[in-house]
Structures are given as structure tokens and as C-alpha cells.
Amino acid sequence: MFNYTGMEATATALINHFGADTTITRTGGATFNPGTGSYTGGSVTTLTGKGVRMRFDNSEIDGEIVKRGDFRLLFGAASGAPEVDDNVEFSSNDYRAMQVKATSPAGTAVMYDIHCRR
């Protein structure tokens, strides 16, 4: 059986070398107050690491699932697991994680491919 831990270390090293600072935050357990339009309570989870911005191919942009201006962000697995609807701060801009795909052969997370939208 192949040990994918080394592959995860290589992917993380490449993302760290070529990537830019990325902060991913999620608030869980918060309660929305429609009167004030804000959330109260809950806990914040923060993942910090490096991310590499990748373009979607023109053939992938359909105007609904993938819109013009969306991009893929490759994020190292050593930093933690992002989730859909997380806030992604990359290059001093905030984005929403629309979809998260894990590259995880044999159950070992190597990296995450995050579909980001403003």
C-alpha cells in the first residue's frame, strides 16, 4: 500500500513556496437576528496557510455554477479542512467558498480545491 503522507508533504511544500497568504474563517453555532440583520454568539474557526489561485477554463464557465470572476484556490491540507460557505481572505480580498473538493487518495488529504466567488 502506498503511503500518501509524503505526497501531502510535497503538495504542502509546493503550495507554501508558490502560494500567497490565505485565511479561512467560519462561524458555527451563531444565531441570526432578522431585526438587526446580524449574527450573535457562535464560535469562530480560523485556518491559515498558503493558497495558489487557479483559473477555471472558459469551457467550465456556465454563468450559473461557475461565473466569470470565480477562481479555484489550491489550499494545503496541513492547514486544515475548509468547508462550503467559509470566508476566504486571499490577496487582501474576501471571497465565499462555493464548493470544496478534497484530493484525498486512500483517505489521506493531500490538498483542497476551493471554488471561490466574491
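Predicted model: local features only at pLDDT ≥ 70, side-chain atom pairs only at ≥ 80, totals over all residues.
Biologist: Okay, in what order do the elements run from the N terminus on?

Modeller: Helices (H or I, at least four residues) and strands (E, at least two) are DSSP runs, numbered from the N terminus. On that basis the protein has one helix and eight strands. The order is α-β-β-β-β-β-β-β-β.

Biologist: And what share of the residues count as buried?

Modeller: Buried means under 20% relative accessible area, exposed over 50%, and partly exposed in between, with a 1.4 Å probe and protein chains only. The C-alpha atoms fill a box of roughly 55 × 35 × 25 Å along the principal axes. Of the 118 residues, the buried share is 29%.

Biologist: How many aromatic pairs are there?

Modeller: Rings of Phe, Tyr and Trp (its six-membered ring) pair if their centres lie within 6.5 Å; planes under 30 degrees apart are stacked, over 60 edge-to-face, and the rest tilted. By that rule the count is two.

Biologist: Let's take Phe-71 and Phe-90; how many residues apart in sequence are the parts that the pair ties together?

Modeller: That pair is tilted, with 6.2 Å centre to centre and 40° between the planes. Phe-71 sits in strand β5 (residues 71-76) and Phe-90 in strand β6 (residues 87-90), so the pair ties together parts whose separation in sequence is 19 residues.

Biologist: Why is the pair of Phe-71 and Tyr-95 edge-to-face?

Modeller: Phe-71 is buried at 2% relative accessibility. Its ring centre lies 4.8 Å from that of Tyr-95, and because the planes stand at 90°, the pair is edge-to-face.

Biologist: Which strand holds Tyr-95?

Modeller: The pair links distant parts of the chain, with Phe-71 in strand β5 and Tyr-95 24 residues apart from it. Both residues are buried. Tyr-95 belongs to strand β7 (residues 93-103).

Biologist: Which residue has its charged end over the ring of Phe-71?

Modeller: A charge sits over a ring if NZ of Lys or CZ of Arg is within 6 Å of the ring centre and within 35 degrees of the ring normal. Here the charged end is 3.9 Å from the ring centre, and the residue is Arg-53.

Biologist: Is Ala-97 buried or exposed?

Modeller: Ala-97 lies in strand β7. Its contacts (heavy atoms within 4.5 Å) include Asp-85, Val-88 and Ile-114. At 0% relative accessibility, Ala-97 is buried.

Biologist: What is the phi of Asp-85 near?

Modeller: Asp-85 lies in the loop between β5 and β6, and its relative accessible area of 46% makes it partly exposed. Phi is positive here, in a residue other than glycine, and near 80°.

Biologist: Last one: is Ala-106 buried or exposed?

Modeller: Ala-106 is in the loop between β7 and β8 (111-117). Although not a glycine, Ala-106 has a positive phi of about 55°. Its relative accessibility is 55%, so Ala-106 counts as exposed.

Technical notes. Residues numbered from 1 in each chain as written. Heavy atoms only, no water. Lists of a residue's contacts leave out its neighbours within four places in sequence.
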